[in-house]
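Subject: Structure handover

Hi,

Here is the structure I promised to pass on to you. My notes on it follow below.

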Amino acid sequence: MYLTDYHTHSQISFDSTASLADMAQAAAAAGMEELCVTDHCDLLDEDGKPVRTFDWPAALEQFRQTLPNCPGGLTLRLGLELGMAHVDPEAAREILSQPELDFVIGSIHNLSPQAGGGDFYYLDHTKASRCYATLDDYFGSMALLSVTDFYDVLGHIIYPLRYMTAPVTLDRYWEMLDAILRTVAEQGKGIELNTYTGHTLRAWRPVLKRYRACGGEIVTLGSDAHAPEGVGRGVREACALLEEAGFRYTATYRRHVPQFHKL
């Protein structure tokens, strides 16, 4: 089994203070063989205001300094978590033109601009009606993102559920999700199984099975760790879930080309 963590954040992200060197050391200690740093670049900020650039100089400097000092046996890749890329294709295209970039997670962290653009983290998730309104908007945005070329894998498809305390299910969204997953598979893209540092695993079962039924084969694994202690958490359990859903491989990326590793 080739253990990888392909969703991690360092101090380049607004919500992390961890150095990439510390994240790499933690990955090796957790038994990971490959680590990809995927710092945040959201084209809408937490208040829904447009963002058009990413601090590539700082990200590249950190990566280049860390790469030659990685623990033995650990492969380090440079990635990006690009949020809401479909709202500004020109900015997305410019940000993704970085030639050293290996991997891109396409994510939705915000409401659509039409719904105010606010970050999901700050919304009220205590009432089912509001949660479903958020999910309606979320999957509508994901459908728009899925048909673009601004991602290698779609990130944490069930993301808003991690914040929702009201009793909600995905039952009303399966048909819409199937269409999104078919689009992903037909475009030769993938999805990630995001463990949320080991807190979110069982909820992935139906998503994985439907993705497989839609012809999906490419899956990356990610902890979404923002600190060293979270790196690699839930990855082994995620491998077991993939096998249960009928997958035979996990994926890593080199210059946007998937590499497959037997489970």
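Let me start with a question: is aspartate 224 buried or exposed? Aspartate 224 is buried, with a relative accessible area of 7%; buried means under 20% relative accessible area, exposed over 50%, and partly exposed in between, using a 1.4 Å probe and protein chains only.

Before going further, please note that this is a predicted model, in which local features need pLDDT of at least 70 and side-chain atom pairs count only at pLDDT 80 or more, while totals for chains, interfaces and linings use all residues. Residues are numbered from 1 along each chain as its sequence is written, and side-chain values use heavy atoms, with hydrogens and water left out.

**Two positive phi values**

Aspartate 224 has a phi near 65°, a positive value in a residue other than glycine. Its place is the loop between strand 7 (219–222) and helix 7 (235–244). Helices (H or I, at least four residues) and strands (E, at least two) are DSSP runs, numbered from the N terminus. Histidine 256, also not a glycine, has a positive phi of about 70°. Histidine 256 sits in the loop between strand 8 (249–254) and strand 9 (257–262) and is partly exposed, with a relative accessible area of 33%.

**The core**

The largest nonpolar core has 85 residues. Such a core is a set of buried Ala, Val, Leu, Ile, Met, Phe, Trp, Tyr and Cys residues joined through side-chain atoms within 4.5 Å. Those touching the most other members are Trp56, Leu80, Leu82, Phe139, Ile157, Leu193 and Leu208. Helix 4 (residues 128–146) gives the largest share of this core, 7 residues. Leaving aside residues up to four places away in sequence, leucine 193 has contacts that include Trp204, Leu208, Val219 and Leu242, a contact being heavy atoms within 4.5 Å.

**A helix pair**

The axes of helix 5 (residues 174–186) and helix 6 (residues 205–213) come within 9 Å and cross at roughly 50°. Axes are lines fitted to C-alpha atoms, for helices over the stretch in contact, with angles running from 0 to 180 degrees between N-to-C directions. The two helices are therefore oblique to each other: angles under 35 degrees count as roughly parallel, over 145 as roughly antiparallel, 65 to 115 as roughly perpendicular and the rest as oblique. Trp174, Asp178, Leu181 and Val184 of helix 5 meet Pro206, Val207, Arg210 and Tyr211 of helix 6.

Best wishes
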